[in-house]
Amino acid sequence: METLHEIFSHEVELTALQMACRAIAVFFIAFVLIRIAGRRSFGLRTPIDNIIVILLGAILSRAVTGSSPFIPIIFASFILCVLHRLFGWLFTRYNDFARVVEGEKIILYEDGQFIDKNMKRGLVRKEDIMQGVRKATFSDGMDDIDKIYLEHNGEISIIKKISLKTGTHKNRVIHEN
């Protein structure tokens, strides 16, 4: 018990062995916390998902370096993960709540025209959109583009026109980070 106290006590200066033991413990604790937070915390990358990633990194680093007491750090991290999971649950049940917290997609291009007011609203320049087009279509041309959206997670989605000769769907969605 004294060894555990020595490893996880709040001291001014930790030895390399203490930090290594703390790092191992925090690794496994972080794994459990991420499982509690849910898959979306690293998958969707919405603002709320980014918050959990940034905060967990910042808070758990304090547990490794010993700059704050170990148990309160773990408890605070647990509460953040439960809160993130609760928000995810609320998003799936209440669309209005999700819209307020995460925002909505913004259409940036439609009917062959850029929509300036929406680009300003989304803080996106034409060049940002064209970068997404080039990455997604390997082309500078807009002739094959039907619509472009700024998604609520900040990604640009491009809906490309498909030739009606092929007999396939009218539109195909290409997502761009």
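The side chains of glutamate 104 and arginine 99 meet in a salt bridge, 4.0 Å from N to O. A salt bridge here is a side-chain nitrogen of Lys or Arg within 4 Å of a carboxyl oxygen of Asp or Glu. The model is predicted: local features need pLDDT of at least 70, side-chain atom pairs count only at pLDDT 80 or more, and totals for chains, interfaces and linings use all residues. Residues are numbered from 1 along each chain as its sequence is written, and side-chain values use heavy atoms, with hydrogens and water left out.

**Salt bridges**
- By this rule the count is six salt bridges.
- Arginine 99 also pairs with aspartate 96, with the closest N and O atoms 2.2 Å apart.
- Both arginine 99 and aspartate 96 sit in helix H6 (residues 95-102), three residues apart, about one turn of the helix. Helices (H or I, at least four residues) and strands (E, at least two) are DSSP runs, numbered from the N terminus.
- Aspartate 96 is exposed, at 53% relative accessibility. Arginine 99 is partly exposed at 36%, and glutamate 104 is partly exposed at 48%. Buried means under 20% relative accessible area, exposed over 50%, partly exposed in between (1.4 Å probe, protein chains only).
- Aspartate 128 forms a salt bridge with arginine 125, the closest N and O atoms being 3.2 Å apart. Arginine 125 is exposed at 52%; aspartate 128 is partly exposed at 26%.
- Shared partners join Asp96, Arg99 and Glu104 into one salt-bridge network.

**Nonpolar cores**
- The largest nonpolar core has 15 residues; Leu108, Ile129, Val133, Met142, Ile145, Ile148 and Ile158 touch the most other members. A core is a set of buried Ala, Val, Leu, Ile, Met, Phe, Trp, Tyr and Cys residues joined through side-chain atoms within 4.5 Å.
- At least two residues each come from strand S1 (106-110), helix H8 (126-137), strand S3 (145-150) and strand S4 (156-161).
- H8 gives the most to this core, with four residues.
- Apart from it lies another core of 13 residues, among them Ala37, Ile52, Val64 and Phe70.

**Surface patch**
- Phe75, Phe78, Ile79 and Val82 form a nonpolar surface patch, with about 350 Å² of accessible area together. Accessible areas come from the Shrake-Rupley method with a 1.4 Å probe; for residues, only the protein chains shown count as cover.
- Patches are made of residues with over 30% relative accessible area and no salt bridge: like charges are joined within 9 Å, nonpolar side chains (Val, Leu, Ile, Met, Phe, Trp, Tyr) within 5 Å.
- Phenylalanine 78 lies in helix H5 (residues 70-93) and is partly exposed, at 33%.
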